[in-house]
Amino acid sequence: MASRCTGLLLPDLRTSLAGFRRRSTTASSLSLRCRGRRRLGSLACVAPPDSAEPQTDEQAAKDDSAVDKAEASSTSQDAGNPTFPNKDLSRRIALVSTIAAVGLFAYQRLDFGGVSLKDLAANATPYEEALSNGKPTVVEFYADWCEVCRELAPDIYKVEQQYKDRVNFVMLNVDNTKWEQELDEFGVEGIPHFAFLDKEGNEEGNVVGRLPKQYFLDNVVALASGEPTVPHSRVVGQFSSAESRKVHQVVDPRSHG
């Protein structure tokens with residue numbers, strides 16, 4: 001009974017063991033193949049550091065050339081794009097320009113002592129009155145366009161404020177055709193031209209152009225003191241030519257300017 005069972009069972013057991021061995025062998029083979037593929041794939045993806053080929057000079061030059069071309073193209077595109085001014089910047093520029101203009105005007109006024117030729121003319125004594133009020137007179141021939149006249153205005157004003165009670169200060173505009181006779185009478189060729197007259201209206205001397213303030217002051221003091229002569233009777237400095245005057249018709253015949 002036992003041998004019979006053994007005879008029946010051994011062949012089946014052998015067959016089962018053989019199948020199990022084949023399956024084990026196949027599984028092991030597949031596992032090894034997969035492992036090999038994973039390792040190969042990993043090795044193929046990561047290159048060793050020393051495996052890169054050295055770059056030749058020619059390849060480096062080509063790369064540099066390509067970079068230069070790209071930069072040039074970018075620059076040309078930027079240059080071709082229209083630029084629009086910033087509104088805030090424009091406003092700031094306009095504000096600065098306005099402030100500069102106002103500052104320049106204020107500086108000119110301060111530089112000239114805040115006194116203009118119009119201020120002197122407004123405070124001047126009319127010429128006809130000066131010849132008849134019994135006081136010595138200083139006659140200034142001037143023009144609004146005369147730079148030297150404008151420059152000397154503050155000094156003239158200061159002296160005038162000191163001696164206006166004893167001396168007449170007259171302003172005659174050479175652009176005014178009303179004073180053509182006086183221009184010839186006093187021989188005015190350059191301006192500013194200062195004529196110093198005694199109480200009777202006789203000329204004691206004259207100074208012309210840009211001169212030290214002391215020259216003008218000394219002559220005014222001599223007139224106020226009643227001296228027969230002035231210390232500076234014929235002195236000429238830098239002046240503007242009277243031939244450049246812009247002649248115009250008098251609007252108000254009574255004007256002394």
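**Starting from an asparagine pair**

The side chains of Asn168 and Asn133 are joined by a polar contact of 2.8 Å. Before going further, bear in mind that this is a predicted model. You'll find Asn168 in strand β2, which covers residues 168–173. Is Asn168 buried or exposed? With a relative accessible area of 2%, Asn168 falls under the 20% cut-off and so counts as buried. Leaving out residues up to four places away in sequence, what does Asn168 touch? The list is Thr125, Ala130, Asn133, Lys135, Pro136, Thr137 and Val138.

Now zoom out for a moment. The chain has 8 helices and 7 strands. Of its 257 residues, 28% are buried. The chain exposes about 17,700 Å², and carbon and sulfur atoms supply 55% of that area. If you take the contacts with a separation of 6 or more, 78% of them are between residues 24 or more positions apart. A few individual residues show what that looks like up close.

Take Tyr127, which sits in helix α5 (residues 127–130). Tyr127 has 6% relative accessibility, so it counts as buried. Along the sequence, Tyr127 and Met171 are 44 residues apart, yet their C-alpha atoms are 7.9 Å apart in space.

Next up is Glu160, in helix α6. Which side of the cut-off does Glu160 fall on, buried or exposed? Glu160 counts as buried because its relative accessibility is 5%, and the limit for buried is under 20%. Its C-alpha atom is separated by 9.1 Å from that of Leu120, which is 40 residues apart from Glu160 along the chain. Setting aside neighbours within four places in sequence, Glu160 is in contact with Leu120, Asn123 and Phe169.

Helix α6 also takes us to a helix pair. Two packed helices are described by the angle between their axes and the distance between the axes. Here, the axes of α6 (residues 147–163) and α8 (residues 213–224) come within 10 Å and cross at roughly 20°. That angle is why α6 counts as roughly parallel to α8. On the α6 side, the contact is made by Asp155, Ile156, Lys158, Val159, Gln162 and Tyr163. On the α8 side, Lys213, Phe216, Leu217, Val220, Val221 and Ala224 take part. As for handedness, α6 passes α8 in a right-handed crossing.

Our last stop is a peptide bond. Most peptide bonds are trans. The one joining Ile191 and Pro192, however, is cis, with omega at about 0°. Pro192 is in the loop between β3 (190–191) and β4 (193–197), while Ile191 lies in strand β3. Ile191 is at 0% relative accessibility and therefore counts as buried. What does Ile191 touch, not counting residues up to four places away in sequence? Its partners are Phe141, Tyr142, Ala143, Trp145, Cys146, Cys149, Val174, Phe239 and Ser240. Ile191 and Gln238 are 47 residues apart in sequence, with 8.9 Å between their C-alpha atoms.

Note on methods: Residues numbered from 1 in each chain as written. Predicted model: local features only at pLDDT ≥ 70, side-chain atom pairs only at ≥ 80, totals over all residues. Heavy atoms only, no water. Helix = DSSP H or I, 4+ residues; strand = E, 2+ residues; numbered from the N terminus. Buried < 20%, exposed > 50% of the residue type's maximum accessible area, 1.4 Å probe, protein only. Polar contact = N/O pair within 3.5 Å; in protein donor to acceptor, adjacent residues only side chain to side chain. Contact = heavy atoms within 4.5 Å. Areas by Shrake-Rupley, 256 points an atom, 1.4 Å probe, with all protein chains shown as cover. Axes fitted to C-alpha atoms, helices over the stretch in contact; angles between N-to-C directions. Parallel < 35°, antiparallel > 145°, perpendicular 65-115°, else oblique. Left-handed = near helix turned anticlockwise from the far one by under 90°.
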